Amino acid sequence: MKIAVFPGSFDPYTLAHHDLVERALPMFDKIYVAIGVNSSKVGLMDVDTKMDAIKELYASNPKIEVTTYKGLTVDYCKEVNAQVILRGLRNTTDLDYENIIAQNNLLLNPSVESYFLVSRSGLAHISSTIVRDIWRNNGDIKPLVPAQILKHIEKLDRK
């Protein structure tokens, strides 16, 4: 099986994330949307809420599994027999950052490749950081996140 891990904090999971997974589906038999757990980060959504929201989004797709992990992404890839780390690129800054991570991941586990998908036009401006900022300042995030995710965000305080 061709297996990919799409890692991230996904706080929150955006339309850009969703688009990358949908576009990657034909390339893989299984994609793990893997929520990295970092206890020192305080985000908009707790891990359980993110899990519930993303699982709801992909409930009808057996090729997608939503999980959490701690530690190195390459170690998690080994755990789930994934050959690929899937990442999105919005701009050249992302490329520079992701390239460094990919090179180090290859040193740590040469059997895991990084595949990059360039963000689709009209979605490259979306980042979880910006979505959180808009939300916390009472802005409308409907055009930025899937409806299934928005339902979970709307239950949160805007602080």
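A residue is called buried when its relative accessible area is under 20%, exposed when over 50% and partly exposed in between (1.4 Å probe, protein chains only). By that rule Val84 is buried, at 1%. The model is predicted: local features need pLDDT of at least 70, side-chain atom pairs count only at pLDDT 80 or more, and totals for chains, interfaces and linings use all residues. Residues are numbered from 1 along each chain as its sequence is written, and side-chain values use heavy atoms, with hydrogens and water left out.

**Val84**

- Val84 belongs to strand E4, residues 84-89; helices (H or I, at least four residues) and strands (E, at least two) are DSSP runs numbered from the N terminus.
- Between Val84 and Glu113 there are 4.8 Å from C-alpha to C-alpha, although they stand 29 residues apart in sequence.
- Neighbours within four places in sequence aside, the contacts of Val84 include Lys2, Phe28, Cys77, Glu113 and Tyr115, where contact means heavy atoms within 4.5 Å.

**Nonpolar cores**

- A nonpolar core is a set of buried Ala, Val, Leu, Ile, Met, Phe, Trp, Tyr and Cys residues joined through side-chain atoms within 4.5 Å.
- The largest one has 35 residues, and Tyr13, Val33 and Ile54 touch the most other members.
- At least two residues of this core come from each of strand E1 (3-8), H1, E2, H2, E3, E4, helix H5 (128-136) and H6.
- Another core, of twelve residues, lies apart from it and includes Val5, Tyr69, Cys77 and Val80.

**Helix H2**

- Helix H2 covers residues 47-57, and Thr49, Lys50, Met51, Ala53, Ile54 and Leu57 are buried in it.
- Among the elements covering these buried residues are helix H1 (15-24), strand E2 (30-36), strand E3 (64-69) and helix H6 (147-153).

**Aromatic rings**

- The whole structure holds six aromatic pairs; rings of Phe, Tyr and Trp (its six-membered ring) pair if their centres lie within 6.5 Å, and planes under 30 degrees apart count as stacked, over 60 as edge-to-face and the rest as tilted.
- Tyr13 and Tyr58 pair edge-to-face, 6.0 Å centre to centre with 90° between the planes.
- Tyr13 is in the loop between E1 and H1 and Tyr58 in the loop between H2 and E3, so their pair ties together parts 45 residues apart in sequence.
- Tyr13 is buried, with a relative accessible area of 1%, and Tyr58 is buried, with 4%.
- Tyr69 and Tyr76 form a stacked pair, 5.0 Å centre to centre with 25° between the planes, and both are buried.
- Phe6, Phe10, Tyr13 and Tyr58 are linked into a cluster by ring pairs.
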